[in-house]
Amino acid sequence: MSSVPAMRKEQQLAEFLLNMPLCIFCNSFHKSENCDKVVDTVKRIEILFKKELCLVCISHHRSFVCPRTSTICSMCNKMNHHVAICYLKDSKVEKK
Ligand SMILES: [Zn+2]
Ligand SMILES: [Zn+2]
Ligand SMILES: [Zn+2]
């Protein structure tokens, strides 16, 4: 008999949920930057302001006390904002 404990289904689900970040924009289980419910950058920033979340790392602190102000956006390579609220995201998807 193997001594390796088999992972139970509930455990797997729990791990899955833990690894799956909760979207701060619509409270669904996907990465905030991949949100397909709130796609508008301005709306996203509005939500961040309302929830008093950091615009740089989307954590519960204000941007000016952010320990990660040097985080560089992977979208535009500029600092001081999270990739989820990058304005480049908007210019890529042109609205008709
Ligand atoms: Zn979402
Ligand atoms: Zn921050
Ligand atoms: Zn950016």
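Trainee: Of the 96 residues of the protein, what share counts as buried?

Mentor: The buried share is 15% of the 96 residues. Keep in mind that this is a predicted model.

Trainee: How confident was the predictor in it, then?

Mentor: The average pLDDT of the protein is 84, and 86% of the residues score at least 70. Among the elements, H2 has the highest mean, 95, while H3 has the lowest, 74.

Trainee: Which pattern do the elements follow along the sequence?

Mentor: The pattern is α-α-α, with three helices and zero strands.

Trainee: Thanks! What makes up the largest nonpolar core?

Mentor: There are 10 residues in that core, among them Cys23, Ile24 and Phe25, then Leu48, Leu53 and Cys54. Val56, Ile58, Ala84 and Ile85 belong to the core too. To be in such a core, a residue has to be buried and of a nonpolar kind such as Ala, Val, Leu, Ile, Phe or Cys, and joined to the others through C-beta atoms within 7 Å.

Trainee: Leaving aside neighbours within four places in sequence, which residues is Cys23 in contact with?

Mentor: Cys23 contacts Ser28, His30, Lys31, Ser32 and Cys35, once those neighbours are left aside.

Trainee: Why is Asn27 called exposed?

Mentor: Asn27 has 8 other C-beta atoms within 10 Å. The cut-off for exposed is 12 or fewer, so Asn27 counts as exposed. Asn27 sits in the loop between helix H1 (9-19) and helix H2 (41-50).

Trainee: Where does Asn77 lie, and what is its phi near?

Mentor: Asn77 is in the loop between H2 and helix H3 (87-92). Phi of Asn77 is near 65°, again a positive value in a residue other than glycine.

Trainee: How do you know whether Asn77 is buried or exposed?

Mentor: Count the C-beta neighbours inside 10 Å: Asn77 has 8. Exposed means 12 or fewer, so Asn77 counts as exposed.

Trainee: What makes Glu46 partly exposed?

Mentor: Glu46, in helix H2, has 13 other C-beta atoms within 10 Å. Exposed needs 12 or fewer and buried needs 20 or more, so Glu46, with 13, is partly exposed.

Trainee: How far apart in space are Glu46 and Phe25?

Mentor: Their C-alpha atoms are 9.8 Å apart, while Glu46 and Phe25 are 21 residues apart in sequence.

How values were computed:
Residues numbered from 1 in each chain as written. Chains lettered and ligands numbered in written order. Predicted model: local features only at pLDDT ≥ 70, side-chain atom pairs only at ≥ 80, totals over all residues. Contact = placed C-beta atoms within 7 Å. Helix = DSSP H or I, 4+ residues; strand = E, 2+ residues; numbered from the N terminus. pLDDT = per-residue confidence, 0-100.
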